[in-house]
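Welcome! Here is a short briefing to read alongside the sequence and the 3D view.

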Amino acid sequence: MPDMLRIAVPNKGQLSEPAVEMLREAGYRQRKSSRDLVMIDPDNDTEFFFLRPKDIAVYVGEGILQAGITGRDMLLDSGAAVDEVLPLGFGGSTFRFAAPGGAGMKVSDLNGKRIATSFDGLLRSYLDEQGVDARVIHLDGAVESSVQLGVADAVADVVSTGTTLRQAGMETFGEPILVSEAVVIRPSGAPENPRFDTLLRRLRGVLVARDYVMMDYDVHAERLEAAVALTPGMEGPTVSPLHREGWVAVRSMVPSKDAQRIMDDLWQLGARAILVTDIYACRL
């Protein structure tokens, strides 16, 4: 099926379920069992491959797959020839240094030290940029134990909440090496692909639908301009006359995080029948 868009999706880890859910919200069929490694969506001419998150950038970079969802940290660590196209707003984390609590270590103190990490490509690039000469020790997981076991003097690891590091008696230091989240990637220099463009358009629609709600309210025409200033919408709100003389109905998209405050402000302005509804999907 050469004309199908082939997309890599994380098969496990913190990126897997959010990625599958976002694709489902975007109208793509998704696997029903975690044991399924390939899923074909004939209605959208798309084929999904469920792969280890750290391998996705490699497959996409080689042009075997035309798109993928992975973490920015794993993308940069891979060194693959891929482009980040769209951040997806989930799977947020930071890549940071950590050392035993109370050590008071600084990045400059890492010269001549041993640093354990699962992201040696990403770490080496950062150390070169900072002019730090340290020995990088690659571990596939559980790097927080390496200092206690005498393998390393410090670690560089992906931190979401920091709980695991604290439980191991470690504390972060220095500025974050990288701020990461889930991203859509494609091969560098890839030709135009209408199905890939459709994927991006749908995912952007999901992102907007998640961040905005639809607000409807009635307001006296004399206070319309003040109300519109509170709810400017995307291209401007929809305004319709009501049967009640001198009143209009207004409909506008507003950021969901601000919805309650905007409702309060509209009420103080004299608006009534204020309703908020979720947006399932959209195209802007």
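## A first look

In this predicted model, Arg-114 and Asp-153 join their side chains in a salt bridge, with 3.2 Å from N to O. Arg-114 belongs to strand S7 (residues 114-117), while Asp-153 sits in the loop between strand S8 (135-138) and strand S9 (154-159), so this bridge links distant parts of the chain, 39 residues apart. Arg-114 is partly exposed, at a relative accessible area of 25%, and Asp-153 is partly exposed with 25% as well.

**Overall layout**

- The protein is divided into domain 1 (3-90 + 180-207), domain 2 (91-177) and domain 3 (211-276).
- Between the C-alpha centres of domain 2 and domain 3 there are 50 Å.
- An unreviewed UniProt entry carries the annotation "domain: ATP phosphoribosyltransferase catalytic" for residues 52-204.
- That span, residues 52-204, is 28% helix and 33% strand, and its end C-alpha atoms are 24 Å apart.

- Glu-84 and Arg-72 form another salt bridge through their side chains, at 2.9 Å from N to O. Glu-84 comes from strand S5 (residues 82-87) and Arg-72 from helix H3 (residues 72-78), and the two are 12 residues apart.
- Are these two partners buried or exposed, or something in between? Glu-84 counts as partly exposed because its relative accessibility is 35%, whereas Arg-72 is buried because its relative accessible area is 15%, and buried means under 20%.
- Arg-72 and Glu-84 are also part of a network of salt bridges that takes in Glu-181.

**Aromatic rings**

- How many aromatic pairs does the structure hold? There are 4 aromatic pairs.
- Angles over 60 degrees count as edge-to-face.
- Tyr-28 is found in the loop between helix H1 (16-25) and strand S2 (38-41), and Phe-48 in strand S3 (residues 46-51), so their pairing ties together parts that are 20 residues apart in sequence. Tyr-28 and Phe-48 are both buried.
- The rings of Phe-97 and Tyr-126 also have their centres 5.9 Å apart, but their planes are at 55 degrees, so this pair is tilted.
- Phe-97 is in strand S6 (residues 93-100) and Tyr-126 in helix H4 (residues 120-130), so the pair ties together parts that are 29 residues apart in sequence. Both of these residues, Phe-97 and Tyr-126, are buried.
- Phe-97 and Tyr-126 form one aromatic cluster together with Phe-173.

**Charges over rings**

- Arg-31 places its charged end over the ring of Phe-50, 4.1 Å from the ring's centre.
- In another case, the charged end of Arg-272 sits over the ring of Trp-267, at 3.6 Å from its centre.

**An exposed tyrosine: Tyr-280**

- Where is Tyr-280 placed? Tyr-280 is in the segment after strand S15 (272-278).
- With 65% relative accessibility, Tyr-280 counts as exposed, because exposed means over 50%.
- Setting aside neighbours within four places in sequence, Tyr-280 is in contact with Glu-25 and Ala-209.
- Tyr-280 and Glu-25 are 255 residues apart in sequence, yet in space their C-alpha atoms are 8.1 Å apart.

Notes:
Residues are numbered from 1 along each chain as its sequence is written. This is a predicted model: local features need pLDDT of at least 70, side-chain atom pairs count only at pLDDT 80 or more; totals for chains, interfaces and linings use all residues. Side-chain values use heavy atoms; hydrogens and water are left out. UniProt positions are given in the numbering used here, feature names are shortened, and annotations may be inferred rather than shown by experiment. Helices (H or I, at least four residues) and strands (E, at least two) are DSSP runs, numbered from the N terminus. Domain bounds come from an automatic or database domain assignment. Buried means under 20% relative accessible area, exposed over 50%, partly exposed in between (1.4 Å probe, protein chains only). Contact means heavy atoms within 4.5 Å. Rings of Phe, Tyr and Trp (its six-membered ring) pair if their centres lie within 6.5 Å; planes under 30 degrees apart count as stacked, over 60 as edge-to-face and the rest as tilted. A charge sits over a ring if NZ of Lys or CZ of Arg is within 6 Å of the ring centre and within 35 degrees of the ring normal. A salt bridge is a side-chain nitrogen of Lys or Arg within 4 Å of a carboxyl oxygen of Asp or Glu.
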